[in-house]
Amino acid sequence: MTIVITYTTKKIVVKFSTFNKEKHIHVKWEEKVSEKGVRQLPQAESGADVPRTSTHPPTAQLSYCERKKIRPGYLEQSCQPKPSQSRQERSTSTSTSRLTQDHPWLLTERLVVKPDQLIKRRGKLGLVGVNLDLNGVKEWLKPRLMKETMVGKAKGTLKNFLIEPFVPHQQEEEFYVCIYAAREGDYVLFHHEGGVDVGDVDAKAQKLLIGVDEKISEDQVKKELLTKGPNDKKAVLASFIVGLFNLYENLFFTYLEINPLVVTKDGVYVLDMAAKIDATADYICKSKWGDVEFPPPFGREAYPEEAYIADLDAKSGASLKLTLLNPRGRIWTMVAGGGASVVYSDTICDLGGVNELANYGEYSGAPSEQQTYDYAKTILSLMTREKHPDGKVLIIGGSIANFTNVAATFKGIVRAIKDYQGPLKEHEVTIFVRRGGPNYQEGLRVMGEVGKTTGIPIHVFGTETHMTAIVGMALGHRPIPNQPPVAAHTANFLLNSSSSTSTPTSRRKGPSENKAKVEGSPAKKVKAGAPVTKASTLFTKHTKALVWGMQTRAVQGMLDFDYVCSRDEPSVSALIYPFTGDHKQKFYWGHKEILIPVYKNMSDAMKKHPDVDVLITFASLRSAFESTMETMQYPQIRTIAIIAEGIPEAHTRKIIKTADEKGVTLIGPATVGGIKPGCFKIGNTGGMLDNILASKLYRPGSVAYVSRSGGMSNELNNIISRTTDGVFEGVAIGGDRYPGSVFTDHVLRYQDTPGVKMIVVLGEIGGTEEYKICKAIKQGRITKPVVCWCIGTCATMFSSEVQFGHAGACANQASETAVAKNKALKEAGAHVPRSFDELGEIIKSVYDDLVSKGVIQPAEEVPPPTVPMDYSWARELGLIRKPASFMTSICDERGQELLYAGMPITEVFKTEIGLGGTLGLLWFQRRLPKYACQFIEMCLMGDRFGGALDAAAKQFSHAFDSGMLPMEFVNKMKKDGKLIMGIGHRVKSINNPDMRVQILKDFVKQSFPASQLLDYALEVEKITTSKKPNLILNVDGLIGVAFVDLLRTCGVFTRDEADEFVEIGALNGIFVLGRSMGFIGHYLDQKRLKQGLSMCCRDAMSSDMHVIIYLVTTTTSHNQ
């Protein structure tokens, strides 16, 4: 991203790329300082690498300038190079000629040139050319432009260079300034000696903390930061630093480093800058930032497929990520969940697959079938472009989903596999699948079936298999077992062995009885003026909550959990939804229906439910900050769970500060929540009832855990239930850089909770919170056994930086790596496995030891009460069937795209069949010829119709089909005393013909293959007009008989089908639709003229409505 601290600077960016297999120089003119903003804080270019001789021109002022590029255009020259010149040299000289014309200062000023590709320490690497003329710049570029270069472990090609003016200055005029964000505020660093040899600035620099919501002042800067700065420059530096900090805050930077900052008698100059922005603030700063580009780190190319997935992600409420590491690799992954995706990458690297790992990515947040299909086909397309001698493997893995319908997402993957079955077999791809969650059995079944039908080897496993076991199978480190039988569907978990549907009167016997006495009381109300402390017990069997947002599925899941835990009352007291008025919402409590109030205003909900002490907010990332800050105005709320992902870090820090001041415990943001078995669960935590029962979350165990990842927390539920007596409490603190509560907040609570006998922590790369656990263990503050593993160990094995699924999963220094933290935890005395693969074994070993010592006494299991399955979910699982109240065969809305008579709606638009063609699909279930579509549209035009379309069609067709002569037909109708429908007009006559009839008749004669019934009707007209001039074939009659000709002769209906449409009254639809269009026009016209509708108009509209109701009723009766 190019965001600016602008000093009206001159700069040329020379960019070398490949275009149509020919090499060209791309030139961009920019009026600003280059700065690379990297999404969720990957490493940016370090400013501590540029010699003091690189500079910007004088007359500097601190300001912000929206990104603006003036592009002279690509200099694509068609002339042939001279024999003695390479094509690259020719292109370079041509580009230089163009540049000097546009920017003559290149010929008069001394210059600096350097690569602009997120490379650190360019000066020490010899990648800065200083004090050169233009010829010197060209010579300096020759050995470097488009040449591979090693920077650390990363190998990349130098493509982008900056050319800047050179301004000389003295060493003592260079300074170092850096601002970076931390949980407690923003640190400002200043060192009086800047430049390439600045060294360890953390140790050398003066440091000033500006707390959250605090302001910076020049006096403060002078006193705290400029103690060693030159006296004659303190005023200028203080003013600059204050202005810089304000810009940093206003534009949501998270890191901003200037080195060197040069201050001379002529002004202040930013010679080089590195910065990071908080991409989640895009909705706030879009107009200030302009178009933001997030370049890949040096050594990794940007691929169009990555951009495609990023675009899908931006347009979806789900999360879709893709990073290509090695497109030629043989190991590909398609993993559900941000935390799980890191675990799978770790395991692949642990088992020696780092050099063959092709990609990192994840899909999560309940993507639709179409989104999953688009994601999967992208992966399959990439992996089938180049063969590998050993074949390839695709790992479709994931933890146990909390709310994603696994079968629905797998349908998208299955579609992609079917589309790519040929290339997959050609490239010898073997697929390994492991997944759990709602309806996972059906998902695994369809995945297994596609393997059988396509011949692709697909090995399918469910929750009975450890999450990462398929990695060992895929890499040949463990045998592939015979696939165990799994339940046919989720409902098997819901069928209790007990025949009773009543709630058991007694619960588990053993330690849990004592726990209830300790923790069974609600949170105490906070008295005004009393010291604020956070509750050590967040949830009990009496906890009551408010839910912000109309999340009916999550609320129903909480109520089902309450019921199966034998709570006396539902845990949800009310919902808050600002977008509707106060009302009540229906939910199920076990077998019966209950009503839960919904409030428009939070204040009303708080007043009417004073016993509530928990709020769960499903507010969007844009409104979560305001709603959470409003919540903390009410002292009764002691715990807030923030589900939203993508809240700007500056907002999150303000929320944390306020929560600390008020003694409120935060869970989240970017979390699924937490669960306390037998007591309370937040939203979708723990998944649906099948997983609640399978993981024994309806009653407390002895193990408490804390995790960052929501999906991995559900996996921990599974692991702990299989290796111990179950979970006592579990919290997912969220994957953001600044979670509302940290690991130690919960670990220390668990330490102080008698019912918790051992603690499990699943940490991850990024941050230093795990070191607080180390310190607490060493100091004896934590005495209970702690099993801990930090995911993200693969990061140190990659040659270039990878931003993992969680925003906070990024190490900014060596101590933040997962490897370093795992080592420190083990040295402190925590139980640390060698890999995530061994986590379950370590947990079981520690648990068994506690049981053998008598610390844990496993209790006898008591079956939970059964909870009826919702109708919608039972139907999803295919367990029930119900006669349709209304059946239709003309459209289908069940798939990813609406179908009209089997034709996708996008095709309806693309083929431009118009209104007539659309009516053909909906009314007649056929794709009609073009002339038929035109005829329908013509029939809809006109000032009035009668209502005799169907009657005319029936009378004339019956007479014609029975062989009556026109005269015989007229005489019979007269003898029977019946009017001939479609004959006669009040105004028009044979001498004053109706031009609509004439136009339609001419069109039919010219366009229809045959018009037998129309010809017959015209013969009848000759007879009737001979008696009276106004007994003409009117527009109703013509349309009626012509439609019969159309149906019988257009070639898309059988004779029986054509006659059936006439008999069921289909042609009256033309009358109703035409009248409706006209009356809508009249209605809008009267409104526009501010006139009331006339009585006759209202009566006519009412009459038409009766016709419409009649048609709908008739159609329904025929389709039931």
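Mentor: Asp961 has a relative accessibility of 38% and therefore counts as partly exposed (buried means under 20% relative accessible area, exposed over 50%, partly exposed in between, with a 1.4 Å probe and protein chains only). The model is a predicted one, in which local features need pLDDT of at least 70 and side-chain atom pairs count only at pLDDT 80 or more, while totals for chains, interfaces and linings use all residues. Residues are numbered from 1 along each chain as its sequence is written, and side-chain values use heavy atoms, with hydrogens and water left out.

Asp961 forms a salt bridge with Arg1048, and the closest N and O atoms are 2.7 Å apart (a salt bridge is a side-chain nitrogen of Lys or Arg within 4 Å of a carboxyl oxygen of Asp or Glu). This pair links distant parts of the chain, 87 residues apart: Asp961 lies in helix H30 (residues 949–961) and Arg1048 in helix H34 (residues 1035–1049). Helices here are DSSP runs (H or I, at least four residues), and strands are likewise (E, at least two), numbered from the N terminus. Arg1048 is also partly exposed, at a relative accessible area of 21%.

A second salt bridge joins Asp976 to Lys972, with 2.9 Å between the closest N and O atoms. Asp976 is partly exposed at 38%, and Lys972 is partly exposed at 40%.

Helix H31 (residues 966–975) and helix H33 (residues 1012–1027) have axes that come within 9 Å and cross at roughly 55 degrees. The axes are lines fitted to C-alpha atoms, for helices over the stretch in contact, and angles run from 0 to 180 degrees between N-to-C directions. H31 and H33 are therefore oblique to each other, since angles under 35 degrees count as roughly parallel, over 145 as roughly antiparallel, 65 to 115 as roughly perpendicular and the rest as oblique.

Elsewhere, the side chains of Glu649 and Arg737 meet in a salt bridge at 3.5 Å, N to O. Here, too, distant parts of the chain are linked, 88 residues apart: Glu649 is in helix H19 (residues 649–662), and Arg737 is in the loop between strand S31 (727–732) and helix H22 (743–751). Glu649 counts as buried because its relative accessibility is 8%, whereas Arg737 is partly exposed at 23%.

Lys114, Arg122, Glu164 and Asp272 are linked in a network of salt bridges. A search of the whole structure finds 43 salt bridges.
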